[in-house]
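Here is a short report for a reader meeting this structure for the first time.

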Amino acid sequence: MVVQHNLRAMNANRMLGITTGVLSKSSEKLSSGYKINRAADDAAGLAISEKMRKQVRGLTQASSNAEDGISAVQTAEGALTEVHDMLQRMNELAVKAANGTNALSDRQTIQDEVTQLLTEIDRVAETTKFNEIYLLKGDANRVDKYLAAKDAGLEGQLQDGATMATFTMNALKFGDSITIGNKQYQIGMVGDKGAAAIAATIGKATAGELITIDGVQYTVATDDTQENADKNVLTNENIAKKIVGQSTVLYMGKTYHVMKDEMNTNGTPAAGGDKIDDVDASVITAEKAYEMIQEELRLANSVGANKTQASVAAYKLETNNNNVQKAVFSITQKGVYTAQEDLNFSLHVGADADMTNKISVNIQAMDTKGLGIDGLTVKNISGSYATYAIDSIAEAIAKVSQQRSMIGAVQNRLEHTINNLDNVVENTTAAESQIRDTDMATEMVKYSNSNILQQAGQSMLAQSNQANQGVLSLLQ
């Protein structure tokens with residue numbers, strides 16, 4: 001029996017210390033809800049858990065970013081809905097103004113409403129914003145763009161290029177009818193040249209065919225005997241002799257005019273004439289028609305140009321592989337308009353700094369300049385400006401439709417992105433919970449066990465301290 005070292009008490013005290021430490025850790029885990037409260041609890045598990053927490057919090061914010069993106073594009077799309085409605089109304093007005101029953105004063109009234117709508121489109125583009133970002137007026141930088149080529153309502157083939165275009169039509173022939181700038185014209189020929197051309201055409205007529213000259217109808221005779229029997233039955237040669245200056249001849253469904261062209265439209269003598277019949281202004285030469293077509297193409301391709309008007313070269317006659325003669329007009333520079341550059345911004349929808357986590361949003365300038373309808377007018381006497389405006393408005397409607405489609409596609413993509421992000425957040429959170437969260441039932445069993453052991457240890461320590469007091473009985 002020794003008194004210097006109470007080994008039983010020492011052992012009981014050591015075990016009690018271990019039990020108290022385990023009990024303390026169980027108490028901490030139960031009170032915090034985490035089984036990893038410090039790196040010492042599980043160094044590897046803590047590192048994995050913190051990586052998962054970074055991902056979860058990053059993805060949660062990415063989901064919020066995507067929701068903000070949806071809100072932004074919805075704001076832009078809502079404004080473009082109104083722009084679409086205004087453009088549709090402008091199309092109505094342009095079609096109305098193109099009708100020939102309108103006087104110039106009527107077109108002025110229509111123009112007043114068109115001007116107001118143009119101003120409102122600019123106002124919508126100027127003021128639509130989300131979180132102080134202007135969505136529809138483009139970037140701060142300006143860029144030059146080319147208008148789409150237009151055919152001025154003429155029958156032919158238009159080939160559009162990046163900066164140039166070509167308009168090809170069948171070459172005009174004597175007796176043809178063509179509509180230019182909402183007016184119909186007949187292709188005639190001047191004086192003896194015209195009479196000779198008609199005579200050559202009549203010379204090909206066969207017996208029995210009808211030819212009307214200045215309102216008098218003649219039948220092509222089979223021979224001189226038949227001609228002598230009826231004054232209106234003549235040979236080709238004698239019918240041709242009936243043609244005089246300014247005659248009008250109807251043959252095979254075509255009307256041929258022999259033009260008189262000695263005076264300009266202002267009444268002054270002409271050097272070679274002005275290529276317009278002095279009596280009937282709807283009768284013009286083919287050369288005059290080409291000049292008018294050239295000007296109409298220039299006007300039609302300049303609608304909406306706010307920097308440089310279109311330039312159209314004089315026509316060239318070409319013969320194709322089928323031996324058909326064509327008149328070719330080169331629109332050497334389509335109308336140029338200056339607009340704001342597209343607005344570009346990216347939505348970050350991932351937890352990592354990977355560029356694939358960026359969703360780009362591109363919104364064009366949707367003001368009248370960006371839509372190519374700046375300064376649109378439907379007012380002139382013939383109504384041709386309104387006709388050309390219809391094409392320009394149609395292009396503007398197509399641009400808005402394309403922009404709205406892109407915005408809608410981005411919105412649909414973002415909705416899928418949010419669903420995916422939320423799913424990843426949920427699954428990653430579950431995985432992180434497995435590593436870091438306390439299993440309360442299991443830990444409570446440990447706590448109860450440690451609590452009992454602590455009480456037992458305390459009792460044993462007290463008993464061990466009492467054991468050495470037996471030495472005192474030896475001293476009595």
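The crossing of helices H1 and H9 is left-handed. The model is a predicted one. H1 covers residues 7–32, and H9 covers residues 440–467. They pack at an angle of about 155 degrees. Their axes are 8 Å apart. Angles over 145 degrees count as roughly antiparallel, so H1 and H9 are roughly antiparallel to each other. The contact of H1 with H9 draws on 13 nonpolar residues, twelve polar ones and four charged ones.

H7 spans residues 286–300, and H8 spans residues 384–436. Here the angle is about 50 degrees, and the axes are 10 Å apart. H7 and H8 are therefore oblique to each other. Their crossing is right-handed. On the H7 side, the contact residues are Glu296, Leu299 and Ala300. On the H8 side, they are Ser384, Tyr385 and Tyr388. By class, this contact has four nonpolar residues, one polar and one charged.

The table sets out the two pairs.

| Helix pair | Angle | Distance between axes |
|---|---|---|
| H1 (7–32) and H9 (440–467) | about 155 degrees | 8 Å |
| H7 (286–300) and H8 (384–436) | about 50 degrees | 10 Å |

H3 runs over residues 104–127 and has 24 residues. From its first C-alpha to its last, H3 reaches 34 Å. That is close to the 34 Å expected at 1.5 Å a residue. Which residues of H3 are buried? They are Arg107, Ile110, Gln111, Val114, Leu117, Leu118, Ile121, Val124 and Ala125. An α-helix has 3.6 residues a turn, so residues three or four places apart point the same way. What covers the buried residues of H3? The cover includes helix H2, residues 43–97.

Alanine 339 lies in strand E18, which runs over residues 336–340. Is alanine 339 buried or exposed? Its relative accessible area is 1%. Buried means under 20%, so alanine 339 is buried. Which residues is alanine 339 in contact with, leaving aside its neighbours within four places in sequence? They are Asn141, Arg142, Val143, Lys369 and Gly370. Alanine 365 is 26 residues from alanine 339 along the chain. The C-alpha atoms of these two alanines are separated by 7.1 Å.

Methods:
Residues are numbered from 1 along each chain as its sequence is written. This is a predicted model: local features need pLDDT of at least 70, side-chain atom pairs count only at pLDDT 80 or more; totals for chains, interfaces and linings use all residues. Side-chain values use heavy atoms; hydrogens and water are left out. Helices (H or I, at least four residues) and strands (E, at least two) are DSSP runs, numbered from the N terminus. The expected span of a helix is 1.5 Å times one less than its number of residues. Buried means under 20% relative accessible area, exposed over 50%, partly exposed in between (1.4 Å probe, protein chains only). Contact means heavy atoms within 4.5 Å. Axes are lines fitted to C-alpha atoms, for helices over the stretch in contact, and angles run from 0 to 180 degrees between N-to-C directions. Angles under 35 degrees count as roughly parallel, over 145 as roughly antiparallel, 65 to 115 as roughly perpendicular and the rest as oblique. A crossing is left-handed if the near helix is turned anticlockwise from the far one by less than a right angle, and right-handed if clockwise. Ala, Val, Leu, Ile, Met, Phe, Trp, Tyr, Cys and Pro count as nonpolar, Asp, Glu, Lys and Arg as charged, and the others, Gly among them, as polar.
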